[in-house]
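Please take me through this model stop by stop, saying what to select in the viewer and what can be found there.

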Amino acid sequence: MSRALPAATGPVLIALILAGAPLTGLDEYSLTLLLAYGLLGLSLALVWGLGGILCFGQAAFFGLGAYSYAVAAMNLGESTVPMLLSVVVPGLLAAAVGALMFYGRVGDVYLGVITLVVTLILFKFVNSTAGEAYVIGHARLGGFNGIPSFPPLNVPGRPDWPIVGMALYYVAAAVLWLAWVGCRWLGRSPYGRVVAGLRENELRMQLLGYDVQLAKTVLFTVGGALAGLAGALYACWAEIVTPGLFSLGQSAEIIVWVLVGGVGTLLGPIFGAMGLGALKMALGGQQLIDNSLVMGVILVVFVLLLPRGVAPLAQRAWVRLWVLRGDATLDAQHPHHTRPGSRPEGGE
Amino acid sequence: MSETLSRLGADVVLEAKELSMHFGGVAALNNVNLGLRRNELRCLIGPNGAGKSTFFRCISAQYQPTAGEVWLAGERCTGLPMHEMARRGVGLKTQVPSLMNGLSVAENLWLGARARRDRKPDEVRQAVDAVLDQVPSVSALLKNDTGRLAHGQRQLVELAVVLAASPWLLLLDEPAGGLTHDEVEDMADLIRSLGQAMTIIVVEHDMSFVRQLDSQVTVFHQGRVLADGPAAAVFEDERVRSVYLGRKAA
């Protein structure tokens, strides 16, 4: 017989992994950065994996979230409102760009080009803000040097209680977990099923009466807001934000994370981002091989040999080992049973 | 209003008024006037390139006509987006079945039924069940991946998905294509049965299928309406024989 696990198994398991990771002796400082990367990977997993919108500009929302946090924190001296702004500001930009693209009926290729160009524009703009004129309240944008020394994350309403070190790790872990659970719920909700439908066949969905443009704009906005939140976590971790956050390299890296982790799943891109982020950190200590070269090789290898990424492979292995173990008759009884991993919107 | 539309009287629910669609210098539709009454079944026939599918695309708003107007149930609908036409009750089964290939048949049906925004979850399930009663052969396919179905199965599933949205104007583009002889007969029965409760236009090349439907027939030729009337009379029309059946006019 197939054995279905309780619905809460996945979330509980992931919560335990996140809670237990620092106890294994891993450096919580590095782990916090990996969590921010994981959240950034999740934001693109939602937009690309669920909605089929290949966005080359997720770094724009990530960078904007980080800068929004830094500027607001410098002006307000605490982190509660800046955290909210780090979600709202990128979300608004994503809504505006998304509405222009989707209601303008821009094709997939041009959608990629537009999102890439938006990232480049922000990169160029922020890079050129070294002058005295580029000041927002007390915050100098600082051009190439970025904005250093802004207040860290603090307990809401208590600027004198900063959240740093291990506490920051656990806050980041909770944020990532909540975001993942939220995206999982979204994918399984009626809206998520509609988005999956438009990913598969936009014309048919329109012919049935769905407002495809609106559904895509909403999804793009949520993805942008999540990327902005990841940017704020990064800013709290790094305590400095620089134009490099908007770079093309950053944009490309996010796509590699999602591809390696598995497009169409949510956990895959999270662990893809964290795994490749860890690899990048490990390679950072040597000068023999360039990081970008390694990422490029990984991308080529995965596209050629494992185009669906690691997560669907792991899912299939899991189903074979656990769910269908000892049940050779299931296929005979239900020859049309759903293929494992064929429900990207529900994929974990 | 044209003579064709005038004679339909007040019960007309679809009106195409002087509809034209030009692609560069090519007129795919040229000043077409066509009207249908409530619960009328009509077949559109004509040689390839006659403008039948273009007419469907104009009615469903995939194309915005170069000139002319589309009226549904007394409301001018020209210029509306596709999803608004669907929400007003227009359902289109395309010539090449158009489905959500990465999803199961059950999920496709759910999306069809859920397209009616006023439905509660229970009503969505009921709508799916009702469609499965109408197209029973789809029941056996529910768990299948839609992308892996045979062409004939896809035809039936697409029809079921469109029906799940409960349209009152059903546009069927070659619904018998790829079906076996028995399935064609079943399809004709189904369409006649559906025609009791909704207005249906069928584009079809299979003349035996058109005869089975036993409906009014409109013949398109070079983007214009060439002939219009009961099937038997239309098939005897020398102009129709000449342009469509390949016979010389007497």
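Select Asn39(B) to begin; in this predicted model the residue has 15 C-beta neighbours inside 10 Å, so it counts as partly exposed. Its phi is positive, about 60 degrees, although Asn39(B) is not a glycine. The residue sits in the loop that joins E2 to strand E3 (41-45) of chain B.

Next, select Ala61(B), in the loop between H2 and E4 of chain B. Here too phi is positive in a residue other than glycine, with a value near 70 degrees. Is Ala61(B) buried or exposed? Ala61(B) counts as buried because 24 C-beta neighbours lie inside 10 Å, and the cut-off for buried is 20 or more.

Now show the strands of chain B. Four of them make an open, antiparallel sheet, and the order across it is E2-E1-E4-E5. At the edges are strand E2 (26-37) and strand E5 (75-76) of chain B, each pairing on one side only. Zoom in on E5(B) and strand E4 (residues 67-72) of chain B, which are joined by two bridges in the antiparallel sense. Leu72(B) is found opposite Glu75(B) of E5(B).

Finish by colouring chain B by pLDDT. The average is 89, and 93% of the residues score at least 70. Residues 1-6 of chain B fall below 50, and this stretch has 11 contacts in the model beyond near neighbours in sequence. Where pLDDT is low, predicted coordinates should not be read in detail. The model as a whole scores ipTM 0.91 and pTM 0.87.

Methods. Residues numbered from 1 in each chain as written. Chains lettered and ligands numbered in written order. Predicted model: local features only at pLDDT ≥ 70, side-chain atom pairs only at ≥ 80, totals over all residues. Pairing = 2+ DSSP bridges. Helix = DSSP H or I, 4+ residues; strand = E, 2+ residues; numbered from the N terminus. pLDDT = per-residue confidence, 0-100. Contact = placed C-beta atoms within 7 Å. Buried ≥ 20, exposed ≤ 12 C-beta atoms within 10 Å, placed from the backbone.
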